[in-house]
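Please read them alongside the sequence and the coordinates.

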Amino acid sequence: MLNVVVLVSGGGTNLQAVIDAVKDGNISNTKITGVISNNKNAYALERAKKSGIENLCISPKDFETREQFNEEFLKAVDDMEPDLIVLAGFLVVIPPKMIERYTNRIINIHPSLIPSFCGTGYYGIKVHEAALSRGVKVVGATVHFVDEGTDTGPIILQRAVNVEQDDTPEILQRRVMEQAEWKILPLAIDLIANGKVKVEDGKTVIL
């Protein structure tokens, strides 16, 4: 059984997709053991409560230094004993010590086809604004392992989504969620839970 801890900052739509997929059996051999947010008002915490999942808020704002936050944050994650950590719209920089401790056991969902529109500053609606202003015809989402860089870890899955003529950033964001993010994040977790993903020479191999 794969113990999963989900880290999230906002509404938690990707978290809900994972909760539903576990419930429906589309993610097998997996239990969500905890949800952690840096935002006490994140609706994601409410989603976790409704599903009977342990949840808590740890915010950098509540600590005098980032080092203190990192220490408490890592302790809270460790206490939940995750086999896999899932970043589902988590807007806090992951401490290097955590990345080191959980090498190839942290995954992130990013709303673009990496390496396009990724890296520092590209998150949430900003990704879709950038894609539309560039005039690209195809966008999408990527699930990747987390390393020391920003959106630079080995890619696990990607799915493309067509841009339509009248798209606004909000409409495009919703379509990328529905057609890509909510599909490939549960699929990636299921593959990992069943031992079908490994990393070789900095790239993933799907078995």
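1. Buried means under 20% relative accessible area, exposed means over 50%, and partly exposed lies in between, with a 1.4 Å probe and protein chains only. With a relative accessible area of 36%, N29 is partly exposed, and N29 has a positive phi of about 60° although it is not a glycine. N29 sits in the loop between α1 (13-24) and β2 (30-37), where helices (H or I, at least four residues) and strands (E, at least two) are DSSP runs numbered from the N terminus.

2. The model is predicted, so that local features need pLDDT of at least 70 and side-chain atom pairs count only at pLDDT 80 or more, whereas totals for chains, interfaces and linings use all residues. Residues are numbered from 1 along each chain as its sequence is written, and side-chain values use heavy atoms, with hydrogens and water left out.

3. N104, too, is not a glycine and has a positive phi, of about 55°; its place is in the loop between α4 (96-101) and β5. N104 counts as partly exposed, at 33% relative accessibility.

4. The peptide bond from I114 to P115 is cis, with omega near 20°, and P115 belongs to the loop between β5 (106-110) and α5.

5. Helix α5 (residues 125-134) and helix α6 (residues 169-193) have axes that come within 9 Å and cross at roughly 115°, the axes being lines fitted to C-alpha atoms over the stretch in contact, with angles from 0 to 180 degrees between N-to-C directions. The two helices, α5 and α6, are therefore roughly perpendicular to each other, a term that covers 65 to 115 degrees, while under 35 counts as roughly parallel, over 145 as roughly antiparallel and the rest as oblique.

6. Where α5 and α6 touch, I125, H128, E129 and L132 of α5 meet P169, E170, L172, Q173 and V176 of α6, contact meaning heavy atoms within 4.5 Å. By class, this contact has five nonpolar, two polar and two charged residues.

7. Which residues form one aromatic cluster? They are F63, F69, F73 and F90, and a search of the whole structure finds four aromatic pairs, a pair being rings of Phe, Tyr and Trp (its six-membered ring) with centres within 6.5 Å, stacked if the planes are under 30 degrees apart, edge-to-face if over 60 and tilted otherwise. F69 and F73 form a stacked pair, at 5.3 Å centre to centre with 10° between the planes; both are buried, and both lie in helix α3 (residues 66-79), four residues apart, about one turn of the helix.

Key. Nonpolar A, V, L, I, M, F, W, Y, C, P; charged D, E, K, R; others polar.
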